[in-house]
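Dear colleague,

Please find below the structure that I am handing over to you.

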Amino acid sequence: MDYVEGSVHLNQGLVETWRTQPQPPSPSPSPSSSSSSSFFSDADEARVAALAKEAGGVLYFLEGAIYFGGAAGPSAADVDKRMDVLRRELRHERGFVFAQDVAYAGFLDRVHDGELKLRAAGLWDVPHPWLNLFLPRSGVLAFADGVFHGILSRTPAMGPVLIYPMNRNKWDSNMSAVITDDDGDEVFYTVGILRSAAAAGDVGRLEEQNDEILGFCEVAGIAYKQYLPYYGSQAEWQKRHFGAKLWPRFVQRKSKYDPKAILSRGQGIFTSPLA
């Protein structure tokens with residue numbers, strides 16, 4: 001695949017399909033293939049709903065794209081053959097592969113189409129208490145069991161949930177961004193629980209649920225790292241986010257390049273000027 005993304009569907013609806021494209025699925029494998037909700041026709045939704053009920057309400061989707069065309073690109077026929085091979089290698093529910101051909105520009109701009117749908121439904125200019133995590137590979141199955149099949153399954157889904165593996169060697173260790181600790185595994189996972197708080201009281205309820213998810217990780221011993229986290233003190237940032245290994249280097253760079261602590265004051269990591 002030239003592009004791959006995974007998602008978890010807990011309750012099918014408009015918010016969950018905020019990137020859905022309007023084209024109907026093709027009746028046979030095509031150069032761009034996917035098993036994502038982005039390609040559901042009305043007729044397929046009933047089958048997917050039945051499958052979700054059979055699976056206890058939780059479905060995992062894999063969305064992929066293969067590029068073709070252009071002077072140097074593969075032909076449509078070549079990509080069809082490649083797609084057939086890829087499909088045979090996947091372990092998935094047979095009969096639930098959906099495919100469509102889209103222009104490259106339309107593929108890149110698919111999130112904008114989702115924005116228009118959410119705006120029309122009044123779900124765009126609302127609070128979004130998102131939770132984004134990096135998880136070690138060793139803890140992802142326990143997370144799925146406790147969160148996807150547990151905490152999140154008790155309430156209606158209010159936004160898309162993304163999950164997919166990432167390669168550690170693609171990250172530059174000299175960056176300030178913090179990923180999961182190196183436990184000897186090349187692969188770690190990212191999870192994005194991207195929900196919209198449309199009704200009164202939703203913000204507090206979803207934030208409480210986010211805290212419940214983090215609490216589950218603590219109890220289960222899943223060494224997560226939160227993306228765009230909030231901690232109330234510098235000590236928490238040091239202990240819970242950066243850790244003893246990365247904190248000294250982060251402080252050194254802050255002292256060198258931003259000694260007056262002008263940047264990112266809202267995160268509350270440093271006082272101004274630096275103590």
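**The sheet and its pocket**

Phenylalanine 134 has lysine 225, in E8, as its bridge partner. Please note that this is a predicted model, in which local features need pLDDT of at least 70 and side-chain atom pairs count only at pLDDT 80 or more, whereas totals for chains, interfaces and linings use all residues. Residues are numbered from 1 along each chain as its sequence is written, and side-chain values use heavy atoms, with hydrogens and water left out.

Strand E5 (residues 131-136) and E8 pair in the antiparallel sense over three bridges. Strands here are DSSP runs of E with at least two residues, helices are runs of H or I with at least four, and both are numbered from the N terminus; two strands pair if DSSP finds at least two bridges between them.

E5 and E8 belong to an open sheet of six strands with antiparallel pairing, in the order E3-E1-E6-E7-E5-E8. Its edge strands, each pairing on one side only, are E3 and strand E8 (225-227). On average, neighbouring strands of this sheet are turned by 25° against each other, direction ignored. The axes are lines fitted to C-alpha atoms, for helices over the stretch in contact, and angles run from 0 to 180 degrees between N-to-C directions.

Within the sheet, E1 and E6 are joined in the antiparallel sense over two bridges, and E6 and E7, also antiparallel, over seven bridges. Leucine 162 of E6 stands opposite serine 7, and the bridge partner of leucine 162 in E7 is glycine 192.

Helix H6 (residues 202-220) lies across E5, E7 and E8 and runs at about 10° to E5; contact means heavy atoms within 4.5 Å.

The largest pocket has a volume of about 1,200 Å³. A pocket is an open set of points on a 1 Å grid over the protein atoms alone, where a 1.4 Å probe fits, with protein on both sides within 12 Å along at least five of seven lines; lining residues have an atom within 4 Å of a point. The volume is the space filled by probe spheres set on the points.

The lining of this pocket comprises 38 residues, of which Tyr60, Phe61, Leu62, Leu90 and Arg91 lie nearest its centre. E3 gives the largest share of the lining, six residues. Both domain 1 (1-25 + 36-125) and domain 2 (126-228) supply at least three residues each, with domain bounds taken from an automatic or database domain assignment.

With kind regards
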